[in-house]
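I opened this entry to record what I looked up in the structure. The notes are grouped by topic.

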Amino acid sequence: MSPATSNPLLQPWDTPFGLPPFDQIRAEHFPPAFEAARAAHLAEIDAIAAQPEPPTFENTVAALDRSGRLYYRVEGVFHNLASSETSPALQQVERELAPQLAAHQSAIYMHRGLFERIDGLHARRDELGLSAEQRRLLERFHFDFVRAGARLSGDVQKRYAQVMQRLAELTTRFGQNVLADESSFRLELRSEEELAGLPEFVRAAARQAAADRGIADAHVITLSRSLIVPFLTFSERRDLREQAWRAWTSRGEHDGERDNRPVAREILALRHEQARAHGYACYADYALADTMAGTRAAVGGLLEQVWTRAVARVEEEREALQALVLSRGESLTLEAWDWRYYAEKVRALRYDLDEAQVKPYFPLERMVEAVFDCARQLFGLEFVRRPDLKAYHPDVKVYEVRGRDGAHVGVFLHDNFARPSKRSGAWMSNYRQQSRNVAGGGTISPIVVNNNNFAKGAPGEPTLLSFDDARTLFHEFGHGLHGLLSSVTYERLSGTNVLRDFVELPSQLFEHWLTEPAVLKKHARHFASGEPIPDALVDKLHAARRFNQGYETVRYTASALVDMAVHSTAEPGGVDIVAAEAAELRRIGLPHGVGLNHRLPHFQHLFSGSHYAAGYYVYLWAEVLDADGFDAFAEAGNPFDPAVAQRLQQFIYSAGDSLEPRAAYRAFRGREATVDPMLRKKGLVPERA
């Protein structure tokens, strides 16, 4: 039996909707599948380049967009499983394949014959009679080739390809090291003294974490955000809070084979070399050339504008926390492992509100119904549960997505729970992207997955979300809708294939519907009684919505400033990331006891790939857009206004990268975005009268 007939990754998938046959796929299938898929893809590229006919949009650009479907199908399964359901065998394959896959990308985008055809078309783009979408595709592909080194020559180009292969190895290792540190840590709590202060929902999640790890008669705190943050918020044991906090913030910073400090240093050195090959002074300049922001000055201007206001606010917040410490007869300096604990107590006193009061009204199942209902009211989508369709893990739920007319739109996989085989954080990804560029006609529908890392409830018990968890659920679902609602011709322009500081707009915009009173009254219901959340509690949540925003904003903005600093260095040998981080925090004056969202040794946004390198600022950039954008619904007087929703779908969620981002936003909003709504949302400027 040949590999092509025995390898499920290479066979036709006769599964419903073309879902991967997850139950048949093993780690050992990937190397031979990639070998065959790479060869097939290169043969397609060679054929496009070798055509005797002069280059046209159809025979070159559209053909390139159609090429590699087998390769990208295998790659989609591989990268998704490596993130969501990995294993030692799959991690080994990932390490082996990383440089090979990078070499393949270089072979495509440095293909001299193909680039000559694309470059010639690009030079004559004004004469070709292209539609706006066709012109956008040509320009984006041309830019892709140039940024991948197509214009480099000889030994310089060869070295560039080697740099990209080494970066692929290093970023893979960085992510695996973080996962190993996260998976190996467990804080076992075995007495009531050690559990002091923890509400029942935290204890239940910790009991389940212990059960999942085969630990009897204990509660276990892991480094999953849905466990570590509540522990730091409620535990009365300051010594244990410090122990947990130090484990959380030192991931990737331990001597030995999992030490990410030398890994990140080499990544930074190679990125600098990459940028210099293109004539940029530093990697930040190279990365920002393909963004809405465009320059370090534009990014710095926004970050500094927010930073100064947030630091002033955090000092006001510190005074309130320190006053509470004194009122309790305690004498201590607030440290990073104290802030959440005392902030929760101040919130409870100031607003008569605590997390234990809120969580019973936010069971996961109800919140999933809420995101689906918002998608139905805004965009006419229906999510139909398909228990007959199996995914890669029993916890993953599969839905068929249908439009207003009942027609198939796509498939949505919802993977909500933390587990040792899954990387931390929350993210959206694709197994397949929407496209109408199909030889012979037809449409390719998307297969989208949302990953979260919520602490799973015990068997038979609900999973209760914090308000922040619920916001994460809405955020990732906004990304999911960006993929599902895509309606473009060409795959390169599909869904979330947009500029990095635009991609967070659909996700952050969707968060706004969580806080709409009508959504809360309909879907925030007590897990036991089914009673809707009381108006008084909704009012308290609204009143407290800007509480601790100085703290949250300082942590985020400091991380973004550190990111820009290390990617703006001109050091050819890279930098000591711990020293560089400390130097930047001294420069900006990080307030004591606040900390960062992510320290560099475990900052996966930056070092597990390149998508957010010199790009962590994008969440704030997109927040300017999302705050201004949601005001369109407020101005219409209806959070589900049909006319505004129609524009939102047409120009933001469905347009992909077929429109230049500023033009897309102007088409939706009727004007450019302004920064004031974002500053008001964060409570950094006064509300309008």
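**Ground rules**

I worked from a predicted model, in which local features need pLDDT of at least 70 and side-chain atom pairs count only at pLDDT 80 or more, while totals for chains, interfaces and linings use all residues. I numbered residues from 1 along each chain as its sequence is written, and side-chain values use heavy atoms, with hydrogens and water left out.

**Arg-555**

I first located Arg-555 in helix α22, residues 549-567. For elements I used DSSP runs numbered from the N terminus: helices are H or I of at least four residues, and strands are E of at least two.

Is Arg-555 buried or exposed? I found Arg-555 buried and without a salt bridge; the nearest side chain of opposite charge, that of Glu-552, is 4.7 Å away. Buried means under 20% relative accessible area, exposed over 50%, and partly exposed in between, with a 1.4 Å probe and protein chains only. A salt bridge is a side-chain nitrogen of Lys or Arg within 4 Å of a carboxyl oxygen of Asp or Glu. For charge, Lys and Arg count as positive and Asp and Glu as negative, with His and the chain ends not counted.

I then asked what the side chain of Arg-555 does reach. It reaches the backbone oxygen of Leu-596 at 2.8 Å. Leaving out residues up to four places away in sequence, I listed Arg-340, Val-594, Gly-595, Leu-596 and Asn-597 as touching Arg-555, where contact means heavy atoms within 4.5 Å.

**Cysteines**

I searched for disulfides (a pair of cysteine sulfur atoms within 2.5 Å) and the count was zero.

**Salt bridges**

How many salt bridges does the model hold? I counted 57, and I followed up several of them.

Asp-144 and Arg-492 meet through their side chains at 2.7 Å, N to O. This pair links distant parts of the chain, 348 residues apart: Asp-144 lies in helix α7 (residues 132-147) and Arg-492 in the loop between α18 (467-484) and α19 (500-511). I noted Asp-144 as buried because its relative accessible area is 17%, and Arg-492 as buried at 16%.

Glu-304 bridges to Arg-587, with the closest N and O atoms 3.8 Å apart. Here too distant parts of the chain are linked: Glu-304 belongs to helix α14 (residues 296-327) and Arg-587 to helix α23 (residues 577-588), 283 residues apart. Glu-304 is partly exposed at 32% relative accessible area, whereas Arg-587 is exposed at 53%.

Lys-522 and Asp-373 form a salt bridge at 2.9 Å, N to O. The pair joins helix α20 (residues 517-523), which holds Lys-522, to helix α17 (residues 364-379), which holds Asp-373, across 149 residues. I recorded Lys-522 as partly exposed at 39% relative accessibility and Asp-373 as buried at 8%. I also noted a network in which salt bridges with shared partners join Glu-85, Asp-415, Arg-419 and Lys-422.

**Strands**

I took two strands as paired if DSSP finds at least two bridges between them. Strand β3 (residues 382-385) runs antiparallel to strand β4 (residues 397-402), and four bridges join them; Arg-385 stands opposite Tyr-399 in β4.

Which way does β4 run relative to strand β5 (residues 408-417)? They run antiparallel, joined by six bridges, and the partner of Arg-402 in β5 is His-408. β4 and β5 form a hairpin with five residues between them, and Gly-406 in the turn has a positive phi of about 85 degrees.

I placed Val-220 in strand β2, residues 219-221. Val-220 counts as buried because its relative accessibility is 0%. Beyond its neighbours within four places in sequence, the contacts of Val-220 include Arg-186, Leu-187, Ala-206, Ile-215 and Leu-227. Val-220 and Glu-253 are 33 residues apart in sequence and 22 Å apart in space, C-alpha to C-alpha.

I found Pro-16 in the loop between α1 (3-6) and α2 (30-49), partly exposed at 40% relative accessibility. Pro-16 and Leu-389 are 373 residues apart in sequence and 7.8 Å apart in space, C-alpha to C-alpha.

Note on methods: Polar contact = N/O pair within 3.5 Å; in protein donor to acceptor, adjacent residues only side chain to side chain.
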